[in-house]
Each structure stands twice: as structure tokens, then as C-alpha cells.
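Reader: Hi! I've got a model open and would like to go through it with you, a bit at a time. Can we start?

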Amino acid sequence: MSQPVARPAEPLAAQFQTNPPREVPTRRNTELVLLGFAAFIVTVALVLVEANQEQELTWSIIWLGLAYLGIFGAAHLAVRKWAPYADPVLLPCVALLNGVGLVMIHRIDLALAERATQQGKDYTPAVTAQVLFTVISLVFFVVVLIVVNDHRTLTRYGYTAGLVGIVALALPALLPSSLSEVNGAKVWLKLPFFSIQPGEFAKILLMVFFASFLVSKRDLFMVAGKKLVGVELPRARDLGPILIAAFACIGILVFEKDLGTSLLFFSVILVMLYVATERAIWVVLGLSFFAAGCVIAYNLFTHVQQRVANWLDPLATYDQAGGGYQLAQGLFGLGTGGVGGTGLGAGRPDMVPEANTDFITASIGEELGFIGLAAVLMLYLLVAMRGMRSALAVRDTFGKLLGGGLAFTMVMQIFVVVGGVTKLIPETGITAPFLSKGGSSLLANYILVALLLRISDAARKPAARPKPQQQPQAPIAEAHTVLVQRPPADGGAQA
């Protein structure tokens, strides 16, 4: 019985031609459905606010919901065209957070307008400007997707981004208080027609710098120096970047009176350094430097002492100027909301100073309760987890570091915000991303999300198929001679 003849293995390109790999779904339709669901939730929330505030319910609410869906539908079309393989969950989560923020700002506007009417004053709603900032931010979101068609191109501008970021971070501290100080924090740049917070953009620029720097100098941070108590310390000459970061953060804390930005900036740098080197000693050293700087700042500056006193016992400084009144009112609001909340439009968030900016999470906790606030925090966690997932899946080291830093920034920022509101850490002046009133924060965070989408698109995009390779022909001189038998004249028929 004859044995089957073994066929030679086909080249990879031929296998692709006969059995092509399954196409990776872009999941853009899933993103569109989730955006529609987010628009539905925001519209229902707006109806509840209007009903509980005894406002007139008209068809204009439906038109507002459709306009909201249309704005983010345009952003969806941009993602579909310029980042077709991007994560389908990021944009809907961000859209829902932004929508909840708009509803809460509108709800607080109604309460503040009623109080102003009772006092015979005029009040300008803040939600109008916030809607305008949302549209502008989405325009910049699309621009970033178009301009940054490959996140790896950012490595060319690493040092430039670092220089611009440091200048933007230090600029408010160098300017006079009349041009930079708002509510005791020198973090603003007040221009004739608008104000901007440079630190919001500096954090992204500095992450680009540190990611590119760590990619090029990673080996230096992997080298261990002397041992101390069994721990391998880095070499002294390699401590420069971490010391510069520590001094920059302490400078922010001292001159700008902004503990939140200082903590956020330094923690992001430590996380990126740990991801690049996988050496926990860098985190230990960084936290030690930061803790020592905080102790020194506490002993030298009164505004740091005031923040700590408010944190330890807000009721003891309740009636003092710059005391714990705001923190105590926020805690009272959270206690009033309890587990289920008072209902949208049925609370008193206007009793908390700056309820639509620094303490908007307290307003959400009062009217939506612990359940509603936990749901909002889960949205932030989803954004961070999907960002981390994309950072792990992307193929280049720069994308891993930048994506990890951007995703961690979202987690750290909301931790600082909620930690300050709930008295877990000293009160900070950082606003909740996408929720709080403010154009600078909204614009910077939409740029951050655009970069995350760009990285996730690179991570999920299928690799290019190899081109079919033709078998090379041997030269004529080396070709074998083949004898061909001439067929018989009668066509091969035999008598």
C-alpha cells in the first residue's frame, strides 16, 4: 500500500492567502450604542432635576438630550475615522461623566439663582460656559486625534515638552498675586478675557517628557549602587531626575499653596519610574523625599498648617477665616445623602462653598447618595482600567509608559479630590475630571483621553499582513535540462 507523499510546508504568505486571519472588530457600533445610553441617562437626570425643582417640563429637555448626543456623536465619527480600533468604552464613560457634571452644575445654578433672587441680586448660570467649554474641548479632542496619528512621534519632542511643562508649572508662582491667585492658590494665569490653569496642561507635557526620558535612559535607573540595610540603592549620579521632581513638587506646594497638584505630579512620576524599572526602591525614596519636604513646609508656612488643622478637626476651625467651614459643610452634605441620596434636585448642595468645582463630589454624594457616588467612581475606574489595558497591550515601551501614566493620572486625581472631600487627606484645590466647572481641566482631560484612544488604537490594530513572497527562479545557466517527449503523429493511438 503506497504511503501518502509529504507535501512541503507552505510559506506563511501562502497560508494567509488560502486561510486569511479573522478580521479584528473595530467595535465602533458598540461605542455608538453606549453613547446613546449615556445620553438617555443624562436626559433622565435633567428631567428629575427640573421636576424636583418644580420647573416647567417642556420638550426642550429632549432637544437638549439630542444636542448632547449630537456633540458626542461628532466625536464618535472622528474616532471612527482616525482611530477605528480604539477602545470602545473610553469615550462613552467620559461622555457620561461630563453629562452628569453638566446636570449637577445646572442643578446648583438653580439653587444659587433662587438665593440671589431672594437677596435681590443677579446671577449668571455657570452651566452655559461649561457647555461652551465642552464643545471647545471636543474640538481639541478631534484635533489631537488628527495631528497625533502615531503616539511614538511624541518622543521627538520629549525635551521640548519637558521645558514647556516646567515653565507652565512655575509661571503662576512667578507672577504677582493679582495675575495668578484665586481663593488662596496661585495656580492661575488671569488674562483680560479669560483665565487658564497652566498646571493642567503641564502634567501632560511632563508625562510625555518623562516617558521619552525613561525610554532612552532606562538602563541607568536599573543599575544598583551601594547596599544599605540589605537594600540596593541607586547610584548617586542617577538621582538627578527624582531630585528635580521632588524640588519641583515642594516648590509648587510652597509658592503656589497647592498640595493637590504637588501630590498628583509627584505620584505620577514615581509610578512611571517604577513601571520603567520595576524597582520599588525608587518609590520608597520618592515618598521619603516628598514626606520630608511636607514636614519642612508644615513647619515653615502657615497656610500648610491651616490645611492640616482643617483636616484634623474641621469643626474646631469652623468659624475661622480659611478654616474648616467648607469641609464641614461637605461632610454634612454627604451625611445627609446617606446611602440612597435625597434625589436629584431635592438636596441643598448650595450650602457648600464652591459646590460646583472643588466639592462637586460632595454635591453628588448628597443627592445621589453613596450608591450614586460609587457609580461615578466606578466610571473613573473603568476609564483607568481600560487605559491601563491598552498600555499593557501596546507594542512599544514609550506607549506603555505614557499610557500607564495617563491612566494612573485619572485614578490619582479623583483620589486626591474625593480624599480631600471625605477628610481622608488634607483638603486640596484639584477639581474632579469632567465633572467640575472649569475650562482648563476639561480641555486638558479631553486631550488626555485623546492620547489614550490613540494608544489603544495602536494596541488593538491588527499587525500588517506579510506580503506574498514569490519563489525565486534559478538563473537560466543553472536551470536543469528537461527532456520533453514529442507526442506521436497519430495523437498517441495504438493499433
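Reader: Where does Glu354 sit?
Author: Glu354 is in the loop between α13 and α14 (360-393). Helices here are DSSP runs of H or I with at least four residues, and strands are runs of E with at least two, numbered from the N terminus. This is a predicted model, in which local features need pLDDT of at least 70 and side-chain atom pairs count only at pLDDT 80 or more, while totals for chains, interfaces and linings use all residues. Residues are numbered from 1 along each chain as its sequence is written, and side-chain values use heavy atoms, with hydrogens and water left out.

Reader: Thanks! And what is the phi of Glu354?
Author: Glu354 has a positive phi of about 55 degrees, although it is not a glycine.

Reader: What about Phe434, what's its phi?
Author: Phe434 is not a glycine either, and its phi is positive, near 70 degrees. Phe434 lies in the loop between α15 (397-421) and α16. With a relative accessible area of 2%, Phe434 is buried.

Reader: Changing topic: how many salt bridges are there?
Author: The count comes to nine, where a salt bridge is a side-chain nitrogen of Lys or Arg within 4 Å of a carboxyl oxygen of Asp or Glu.

Reader: Nice. Which residue does Lys203 pair with?
Author: Lys203 forms a salt bridge with Glu200, and their closest N and O atoms are 3.2 Å apart. The two are three residues apart in helix α8, so about one helical turn separates them. Lys203 is buried at 11% relative accessible area, and Glu200 is buried at 9%.

Reader: And which residue does Asp457 bridge to?
Author: Asp457 forms a salt bridge with Lys461, with 3.6 Å between the closest N and O atoms. Asp457 is buried, at 2% relative accessibility, whereas Lys461 is partly exposed at 38%.

Reader: Which residues are linked in a network of salt bridges?
Author: Arg115, Arg348 and Asp350 are linked that way. Arg348 also has its C-alpha atom 7.7 Å from that of Gly333, 15 residues apart along the chain. Gly333 is in helix α13 (residues 325-337) and is buried, at 6% relative accessibility.

Reader: What lines the largest cavity?
Author: Its lining includes Lys203, Phe210, Phe265 and Thr409, and the space inside is about 60 Å³. Helices α8 and α10 (259-277) each supply at least two of the lining residues.

Reader: And the second largest pocket, what's its volume?
Author: That pocket has a volume of about 450 Å³. It is lined by 17 residues, and Val144, Val148, Leu154, Leu205 and Ile447 lie nearest its centre. By class, 15 lining residues are nonpolar, two are polar and none is charged. Ala, Val, Leu, Ile, Met, Phe, Trp, Tyr, Cys and Pro count as nonpolar, Asp, Glu, Lys and Arg as charged, and the others, Gly among them, as polar.

Reader: Last one: which helix gives the largest share of the nonpolar patch?
Author: Helix α5 (residues 127-147) does, with 10 residues. The patch is about 890 Å² of surface, and Trp82, Phe133 and Ile136 are among its residues. Patches are made of residues with over 30% relative accessible area and no salt bridge, with like charges joined within 9 Å and nonpolar side chains (Val, Leu, Ile, Met, Phe, Trp, Tyr) within 5 Å. Areas come from the Shrake-Rupley method with a 1.4 Å probe; for residues, only the protein chains shown count as cover. Ile136 counts as partly exposed, at 35% relative accessibility.

Key. Buried < 20%, exposed > 50% of the residue type's maximum accessible area, 1.4 Å probe, protein only. 1 Å grid on protein atoms, 1.4 Å probe; cavity = no way out; pocket = protein on both sides within 12 Å on 5 of 7 lines; lining within 4 Å. Points joined across faces, edges and corners; volume = space filled by probe spheres on them.
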